[in-house]
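Trainee: I would like to learn how to read the features of a structure like this one. Please take them one at a time, with the general idea before the case.

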Amino acid sequence: MSIARAFSTLPARAAARPTLGAGVAMGAAVAGFAMYEVSKSPILLESKTIAGEKGTATERSFVMIKPDGVSRQLVGKIISRFEERGYKLVAIKSLTPSPALAKEHYSDLSARPFYGGLVKYITSGTPVVAMVWEGKDVIKQGRRIVGATNPLDAHPGSIRGQYSVSVGRNLIHASDAFDSATKEIGLWFAPEELSEYEVGQISKPVMRTE
């Protein structure tokens with residue numbers, strides 16, 4: 001065997017050139033793996049929702065002052081807690097929820113024994129104040145501002161720790177995760193009800209020319 005024949009590049013060149021079928025198969029495998037990854041973590045790849053973008057300054061949380069908070073005239077104090085923390089109020093309204101709205105809002109608790117009483121209380125006639133707050137980590141930090149579900153376990157500096165003594169009348173609700181914030185904001189507000197503005201900016205007054 002000659003040296004030239006032993007080191008011929010012809011077989012190597014043929015092996016390095018992929019066939020069309022192999023390329024299609026490789027593309028399909030890559031696409032299939034990508035679809036698998038998307039199915040595992042859709043929130044990471046599609047995190048921009050009505051609740052903003054998770055972990056950024058556009059993150060939003062749904063907060064509701066319950067009938068006991070309204071009847072005890074704590075609305076202003078509760079709003080101040082979020083404002084003083086630096087969060088931006090992008091939507092607010094007062095309403096008496098319908099039974100259908102209340103049931104959907106608390107659907108994750110439908111199997112619990114207190115579900116019926118909770119729905120009845122929220123729809124009893126005293127209005128609630130529904131709000132959307134925006135800011136970095138507002139979901140996690142908002143829960144800290146609100147305090148533990150049972151006021152007896154809540155930090156004294158939290159809203160529930162300072163103003164509430166009963167788990168059945170704990171004043172306020174706040175979204176506990178990005179998924180629940182997305183659901184709750186969409187349930188209580190239409191997209192056009194959410195304001196877009198810069199904190200601290202006030203439009204200039206219109207100057208009269210007459």
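Mentor: Begin with the record. UniProt, in an unreviewed entry, gives the annotation "active site" to His 173. UniProt positions follow the numbering used here, feature names are shortened, and annotations may be inferred rather than shown by experiment. This is a predicted model, in which local features need pLDDT of at least 70, side-chain atom pairs count only at pLDDT 80 or more, and totals for chains, interfaces and linings use all residues. Residues are numbered from 1 along each chain as its sequence is written, and side-chain values use heavy atoms, with hydrogens and water left out.

Trainee: Where is His 173 placed? Is His 173 buried or exposed?

Mentor: Helices (H or I, at least four residues) and strands (E, at least two) are DSSP runs, numbered from the N terminus. His 173 belongs to strand E6. Buried means under 20% relative accessible area, exposed over 50%, and partly exposed in between, with a 1.4 Å probe and protein chains only. His 173 counts as buried because its relative accessible area is 14%.

Trainee: Which residues does His 173 touch, not counting residues up to four places away in sequence?

Mentor: Contact means heavy atoms within 4.5 Å. Leaving out residues up to four places away in sequence, His 173 touches Phe 62, Val 63, Met 64, Lys 66, His 105, Arg 160 and Glu 184.

Trainee: Which residues does UniProt place under "binding site"?

Mentor: The unreviewed entry lists Lys 66, Phe 114, Arg 143, Thr 149, Arg 160 and Asn 170. Lys 66, Phe 114, Arg 143, Thr 149, Arg 160 and Asn 170 from this set are in the lining of the largest pocket. As for the term, points are taken on a 1 Å grid over the protein atoms alone; a pocket is an open set with protein on both sides within 12 Å along at least five of seven lines, whereas a cavity is a set of points where a 1.4 Å probe fits but cannot get out, and lining residues have an atom within 4 Å of a point.

Trainee: Take two of these. Are Arg 143 and Asn 170 buried, exposed or partly exposed?

Mentor: Arg 143, in helix H9 (residues 138–146), is partly exposed because its relative accessible area is 32%. Beyond neighbours within four places in sequence, Arg 143 is in contact with Ala 174, Ser 175 and Asp 176. Asn 170 lies in the loop between helix H10 (159–163) and strand E6 (172–174), and at 3% relative accessibility Asn 170 is buried. Not counting residues up to four places away in sequence, Asn 170 touches Lys 66, Asp 68, Thr 149, Pro 151, Arg 160 and Ser 164.

Trainee: How do I read the buried side of a helix?

Mentor: In helix H6 (residues 75–85), the buried residues include Ile 78, Ile 79, Arg 81 and Phe 82. These are on the same side of H6 because they cover an arc of only 145 degrees around the axis. Their cover includes strand E3 (60–65), strand E4 (88–95), strand E5 (128–134), H9, H10 and E6. Helix H11 (residues 178–188) has Phe 178, Ser 180, Ala 181, Glu 184, Ile 185 and Trp 188 as its buried residues. They fall within an arc of 150 degrees seen down the axis of H11, so they line one face of the helix.

Trainee: Which residues touch the most other members of the largest nonpolar core?

Mentor: In soluble globular proteins, nonpolar side chains tend to be buried together. A nonpolar core is a set of buried Ala, Val, Leu, Ile, Met, Phe, Trp, Tyr and Cys residues joined through side-chain atoms within 4.5 Å. The largest one here has 43 residues, of which Phe 82, Ile 122, Trp 133, Ile 159, Ile 172, Trp 188 and Phe 189 touch the most other members. E5 gives the largest share of this core, six residues.

Trainee: How should I read the confidence values?

Mentor: pLDDT is the predictor's confidence in each residue, from 0 to 100. The mean pLDDT of the protein is 82, with 73% of its residues at 70 or more. Over residues 1–18 pLDDT stays under 50, and the model has one contact beyond four places in sequence for them. Residues 28–46 also have pLDDT below 50, with four contacts in the model beyond near neighbours in sequence.

Conventions:
Arc of directions from axis to C-beta.
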